[in-house]
Amino acid sequence: MPVAVGPYGQSQPSCFDRVKMGFVMGCAVGMAAGALFGTFSCLRIRMRGWELMGGIGKTMMQGGGTFGTFMAIGMGIRC
C-alpha cells in the first residue's frame, strides 16, 4: 500500500505509530487522573509518608495503564 503524502511532502504516521501515540496520550491522561484520585483516596484513609507515596504511585500506574490500553485500542480501530 502506498504511503499518503501530505500537502508539504511529509508522510503520514503509520498505524503502529498512531497506536503508540494513542497509548502514550492515554497513559499521560490516566496517570494525571490517577494522581488526583489516588491522592484523595489515600489521604481519606489517613496514609502518611512512604505508604502515601506508594499508594499514589500504584493508582497512577493502574490508571495510566488502563486508560492507555483503551486509547491504543481506539486508535487501532481508527486505522
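Biologist: Which side chain meets Lys 20 in a salt bridge?

Modeller: In this predicted model, local features need pLDDT of at least 70, side-chain atom pairs count only at pLDDT 80 or more, and totals for chains, interfaces and linings use all residues. Residues are numbered from 1 along each chain as its sequence is written, and side-chain values use heavy atoms, with hydrogens and water left out. A salt bridge here is a side-chain nitrogen of Lys or Arg within 4 Å of a carboxyl oxygen of Asp or Glu. With an N to O distance of 3.5 Å, the partner of Lys 20 is Asp 17.

Biologist: In which helix do Lys 20 and Asp 17 both lie?

Modeller: Helices (H or I, at least four residues) and strands (E, at least two) are DSSP runs, numbered from the N terminus. The two residues are three apart, about one turn of the helix, and both lie in helix H1.

Biologist: Is Lys 20 buried, partly exposed or exposed?

Modeller: The classes rest on relative accessible area, where buried means under 20%, exposed means over 50%, and partly exposed lies in between (1.4 Å probe, protein chains only). Because its relative accessible area is 41%, Lys 20 is partly exposed.

Biologist: Which cysteine does the disulfide join to Cys 15?

Modeller: A disulfide is counted when a pair of cysteine sulfur atoms lies within 2.5 Å, and a search of the whole structure finds one. The S to S distance is 2.3 Å, and the partner of Cys 15 is Cys 79.

Biologist: How many residues apart are Cys 15 and Cys 79?

Modeller: The disulfide joins Cys 15 to Cys 79. This pair links distant parts of the chain, with Cys 15 in helix H1 and Cys 79 in the segment after helix H2 (49–78), and the separation is 64 residues.

Biologist: Is the disulfide of Cys 15 and Cys 79 right-handed or left-handed?

Modeller: The handedness is read from the torsion about the S-S bond. For Cys 15 and Cys 79 this torsion is about 115°, so the disulfide is right-handed.

Biologist: Is Cys 42 buried or exposed?

Modeller: Cys 42 has a relative accessible area of 5%. With that value, Cys 42 is buried.
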